[in-house]
Amino acid sequence: MGKVFVFIEGLQDLKKGSLELLTAAKASGREVVAGLIGANVKGLAAKAAQYGAKTVFIADASTLAAYNPDTFAETLTVMIKESGADVVLGSSSSLTRDLFPRVAARLDSGVASDCTILQLTSGDVKARRPLYAGKCTAEVEFVGSPVKFVLMRPNQLPVGSPDSAATATNKDFSPPAGTGKITNKEVVKGTSTKTDLTEANVIVSGGRGMQNGENFKILEELANAIGATVGASRAVADAGWVPHSMQVGQTGKTVAPSLYIAAGISGAIQHLAGMSGSKVIVAINKDADAPIFQKATYGLVGDLFEIVPKMTEEFKKALHK
Amino acid sequence: MKIFVCIKQVPDTETRIQLKADRSGIEETGIKWVMNPYDEYAVEEALKLRESKGAGTVTVVTIGPKTRVTDALRTAMAMGADDGIVIDSADHLDPYLTAKALAGAIQKEGAFDIVFTGKLAIDDNAASVPQILAESLGVPHVTMVTKFSASGTIAAEREVEGGAREVFEIQGPCVIAANKGLNTPRYASLPGIMKAKKKPLKELTLADTGMQASQIKVRLKNFELPPEKPKVKMIAGDAGAQAKELVQLLLEEAKVL
Ligand SMILES: Cc1cc2nc3c(=O)[nH]c(=O)nc-3n(C[C@H](O)[C@H](O)[C@H](O)COP(=O)(O)OP(=O)(O)OC[C@H]3O[C@@H](n4cnc5c(N)ncnc54)[C@H](O)[C@@H]3O)c2cc1C
């Protein structure tokens, strides 16, 4: 039986996506090796153990505080080789999407990125991923790939309950010196403290119907009431009402939350490309013929400036009873 | 400066996608093909760099069925690229073989300074070719670049979660994958389109790049259309009644909060 290696991003806490993958790895019956790379990340090992890791490989160093493709790729390559795992799982993020193909190339292996379905068994791994802006999906089969790398979109798999008695064997790895060809000059902190769109479980997005950036206030109030992250259409980002990092769609972020609320968004194919994987879609639009209604679970025809504040009110009442 | 840009031809997003009867892929008849939108940013950045240096060449490279994908090269040449290389192959090679073949084609041309690519192709959304290409060429690489400068050393910036930005400094040749926000791609002018027809175009086979069609690592199969969504449930009434019913449905029927 092969081992499975789960790469865990070294943040303050384990991301939900990492917990999903540890859960799937444990359920497969394979021996689970987790890999942690970053600065001050040792403390996360215990939690990884509670979710199924038998061994945790740790590279913890101040030089690994910022993501450097060179040193991270080298560290992860060494860890995977040492683990002997033939399947490597990661939760899709701007770090893993950068890192996994590099490490796969170093191990002469293939990557299935942006997957939404994972079937991991003791002897095999299969994945399925959306293609052509979500207009179809296909199964990914590995051929002649000694190690099989799978990057899963977050929010696709269940998270098991932790076993507080479980412990793992930790093994330390020293960080490589790096080639010096690429160095971190600076990390400019973002302004947002909310969960990133790509990981958010609930998203409230505004489109041109919001009329200006100032009006996004009412979406933020709604978002605060339900623990959501605010997104936007391209029309809004291009107009400069909100930063580009908030754009959802083909040339923005691909999201798959449990709930996506679209206010004043017409539902152009390029916008749908980024959010049609959402479980439940609510559309609020004054035009009953807006294409967004064809993709929506629930549709509300009306003025968003009247409906959104009422929703905030109702949610507050219902959720804080 | 010797600059390369790797580009891909993809179905226009507005195009309707239909599957082949055996579900091994999509039906290609009737598809409108365009240059991958992210590759337009890559071409633009290459042209800007050549212009700022006042010298150098921009070579565009693509891989795929040559009778079709050459159009994408001509579009890039109409924007201002100097020449093109097409690696004739079947469509839908995996990212590994694509990257290896592109690397082989670029290495045949001798030393290079920078290779630009798009951050991903909107058809298969893999976002893997630039990294594998850089690994194959043995050079550093920054993905999802929104800001780039090459005065003295090379600096590249990429945006990550929460709007944070990572800034890298690079020594020597590199691969840069362009994201939206890097620049505003120019349109091909009419004289540009006329000139592009006469610009040099080199044809290679997969074997010329040192690769074979069998050298893939992943294969896509059993294509499926997404399941039909149940019909939308419209919620009527005044704003207050709509909001009330919606909240109730989300909590009790959809159970998403
Ligand atoms: C290559 C390419 C890539 C693209 N990538 C993206 C992308 O990543 N993401 C993206 O979003 N778009 C993208 N687009 C743009 C896309 O085609 C649309 O132009 C865009 O999504 C429209 O944004 P919108 O829905 O906010 O605006 P509009 O289409 O103008 O829609 C505004 C909607 O608001 C409604 N409305 C107005 N006032 C109110 C009110 N008071 N109450 C309720 N409803 C109201 C209107 O009825 C209308 O339906 C891309 C386009 C191209 C060509």
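The following exercises, each with a worked solution, concern a predicted model.

**Exercise 1. Determine whether the radius of gyration of chain A agrees with that of a compact globule.**

Solution. 
Step 1. Chain A has 321 residues, for which a compact globule would have a radius of gyration near 20 Å.
Step 2. The value for chain A is 21 Å, so chain A agrees with the globule rule.
Step 3. The C-alpha trace of chain A spans about 60 × 40 × 40 Å along its principal axes.
Step 4. The secondary structure of chain A consists of 9 helices and 16 strands. Of its 321 residues, 60% are buried.
Step 5. Among contacts in chain A with a separation of 6 or more, 65% join residues 24 or more positions apart.
Step 6. The accessible surface of chain A is about 12200 Å², and carbon and sulfur atoms contribute 49% of this area.

**Exercise 2. Identify the residues that touch the most other members of the largest nonpolar core, and describe the surroundings of Ile7(B).**

Solution. 
Step 1. The largest nonpolar core has 43 residues. Those touching the most other members are Val5(B), Ile7(B), Val43(B), Val60(B), Phe116(B), Phe148(B) and Ile176(B).
Step 2. With residues up to four places away in sequence left out, Ile7(B) touches, among others, Met35(B), Val43(B), Val60(B), Val61(B) and Leu73(B). Asp39(B) and Thr62(B) are also included in its contacts.
Step 3. A second, separate core comprises 37 residues, including Val202(A), Val282(A), Tyr298(A) and Ile235(B).
Step 4. As a general background, nonpolar side chains in soluble globular proteins tend to be buried together.

**Exercise 3. Classify Val115(B), Asn36(B) and Leu190(B) as buried or exposed, and locate each one.**

Solution. 
Step 1. Val115(B) belongs to strand E6 (residues 114-118) of chain B. Its relative accessibility is 0%, so Val115(B) is buried.
Step 2. Beyond four places in sequence, Val115(B) touches Phe4(B), Cys6(B), Ile106(B), Leu133(B), Leu137(B), Cys174(B), Val175(B) and Ile176(B). From Val115(B) to Pro130(B) the C-alpha distance is 9.1 Å, at a sequence separation of 15 residues.
Step 3. Asn36(B) occupies the loop between strand E3 (33-35) and helix H1 (37-53) of chain B. A relative accessible area of 1% places Asn36(B) under the 20% limit, so this residue is buried.
Step 4. Apart from neighbours within four places in sequence, Asn36(B) is in contact with Lys8(B), Val10(B), Leu120(B), Ala121(B) and Ile122(B).
Step 5. Leu190(B) lies in helix H5 (residues 190-196) of chain B. At 63% relative accessibility, Leu190(B) is over the 50% limit and therefore exposed.
Step 6. Together with Ile193(B) and Met194(B), Leu190(B) makes a nonpolar surface patch of about 300 Å².

**Exercise 4. For Asp108(A) and Ala127(B), state the value of phi, the location and the accessibility class.**

Solution. 
Step 1. Asp108(A) has phi near 55°, a positive value in a residue other than glycine. It is found in the loop between helix H4 (94-106) and strand E5 (110-115) of chain A, and at 36% relative accessibility it is partly exposed.
Step 2. Ala127(B) likewise has a positive phi, near 55°. It lies in the loop between E6 and helix H4 (129-137) of chain B. With a relative accessible area of 12%, Ala127(B) is buried.

Methods. Residues are numbered from 1 along each chain as its sequence is written. Chains are lettered from A and ligands numbered from 1 in the order in which they are written. This is a predicted model: local features need pLDDT of at least 70, side-chain atom pairs count only at pLDDT 80 or more; totals for chains, interfaces and linings use all residues. Side-chain values use heavy atoms; hydrogens and water are left out. A nonpolar core is a set of buried Ala, Val, Leu, Ile, Met, Phe, Trp, Tyr and Cys residues joined through side-chain atoms within 4.5 Å. Buried means under 20% relative accessible area, exposed over 50%, partly exposed in between (1.4 Å probe, protein chains only). Contact means heavy atoms within 4.5 Å. Patches are made of residues with over 30% relative accessible area and no salt bridge: like charges are joined within 9 Å, nonpolar side chains (Val, Leu, Ile, Met, Phe, Trp, Tyr) within 5 Å. Accessible areas come from the Shrake-Rupley method with a 1.4 Å probe; for residues, only the protein chains shown count as cover. A salt bridge is a side-chain nitrogen of Lys or Arg within 4 Å of a carboxyl oxygen of Asp or Glu. Helices (H or I, at least four residues) and strands (E, at least two) are DSSP runs, numbered from the N terminus. The radius of gyration is taken over C-alpha atoms; the globule rule is 2.2 Å times the number of residues to the power 0.38.
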